Amino acid sequence: MKTKIKILSLSFFIGVNTLQCNLFDPKSKITNNELVEIVTLQQLNANSMSEGQKLGLTIAYSHRFSIKNGPHLFCREYSTAYLEKQAEWELNIEQTYATIGNAIGIDIVVERINGPCAINNKISACHYDGVDGINDLIPYAYSTEGEHKYLIPAYIYYGINNLKNAKEACEGYNGTYVCYDPTKCWQ
């Protein structure tokens, strides 16, 4: 009887291990087409995720700027290092961007967000080194519309007329420009 139990136990153990190996062998379960789909989805998710989170920052609050009833222009994110500045910087934010929007011919809507901000059609980013003595990055993520319809026209509104593209605008303020889609970035 003990021998039969040992043989049954050993057979059961070998069977479970064999079954487990077949169930969890990823090479035999994913086709090449499925792998391409997975990589493509990961790329799309990476381009739509929060720029600040992508940089490893803990984002306390954000602002998403959009054309009224239209596409998102850009996101601006602030780490927890900027919490003391939030009330001051948000005091007249809607009026400020309404003035800029009127000057460049678009109706800008400001969305205040607790936490990170992302835009689905992100093509580029500009990371500023900080402001007001705070050294944490302030990441911006731009859509095509954000680069073309907002960024350069806004700089022209402020009297900076010699810029050729979004990369120059970003680097003009010691920011680091990142292009996620070379076919659409304005650089």
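C126 and C170 are both buried, where buried stands for under 20% relative accessible area, exposed for over 50% and partly exposed for the range in between (1.4 Å probe, protein chains only). The model described here is predicted, so local features need pLDDT of at least 70 and side-chain atom pairs count only at pLDDT 80 or more, while totals for chains, interfaces and linings use all residues. Residues are numbered from 1 along each chain as its sequence is written, and side-chain values use heavy atoms, with hydrogens and water left out.

## Disulfides

A disulfide is a covalent bond between the sulfur atoms of two cysteines. In this report, the term is applied to a pair of cysteine sulfur atoms within 2.5 Å. Searching the whole structure gives 3 disulfides, listed below.

| Pair | S to S distance |
|---|---|
| C75 and C117 | 1.9 Å |
| C126 and C170 | 1.9 Å |
| C179 and C185 | 2.1 Å |

When bonded cysteines are counted along the chain, the disulfides of the protein chain show the pattern 1-2, 3-4, 5-6.

The bond between C75 and C117 has a torsion of -55° about S-S and is left-handed. C75 belongs to strand β2 and C117 to the loop between β3 and β4, so the pair ties together parts that are 42 residues apart in sequence. Helices (H or I, at least four residues) and strands (E, at least two) are DSSP runs, numbered from the N terminus. Both C75 and C117 are buried.

The disulfide of C126 and C170 is right-handed, because the torsion about its S-S bond is about 90°. Strand β4 holds C126 and helix α8 holds C170, so this pair ties together parts that are 44 residues apart in sequence.

The link of C179 and C185 is right-handed, with 105° about the S-S bond. Is each of its cysteines buried, partly exposed or exposed? C179 counts as partly exposed because its relative accessibility is 23%, whereas C185 counts as buried because its relative accessibility is 11%.

## Nonpolar cores

A nonpolar core is a set of buried Ala, Val, Leu, Ile, Met, Phe, Trp, Tyr and Cys residues joined through side-chain atoms within 4.5 Å. Which residues touch the most other members of the largest nonpolar core? They are F74, Y97 and Y150, in a core of 32 residues. At least two residues of this core come from each of β1 (59–67), β2 (72–79), α6 (93–104), β3 (108–114), β4 (122–128), β5 (138–143), α7 (144–157) and α8 (166–172). Helix α7 gives the most to this core, with 5 residues.

Leaving aside residues up to four places away in sequence, Y97 touches F65, F74, R76, I108, V110 and Y150, where contact means heavy atoms within 4.5 Å.

## Residues with positive phi

Most residues other than glycine have a negative phi. N69, although not a glycine, has a positive phi of about 55°. N69 is found in the loop between β1 and β2, and is exposed, with a relative accessible area of 81%.

N174 is not a glycine either, and has a positive phi of about 60°. The loop between α8 and β6 (176–179) contains N174. Because its relative accessibility is 59%, N174 counts as exposed.
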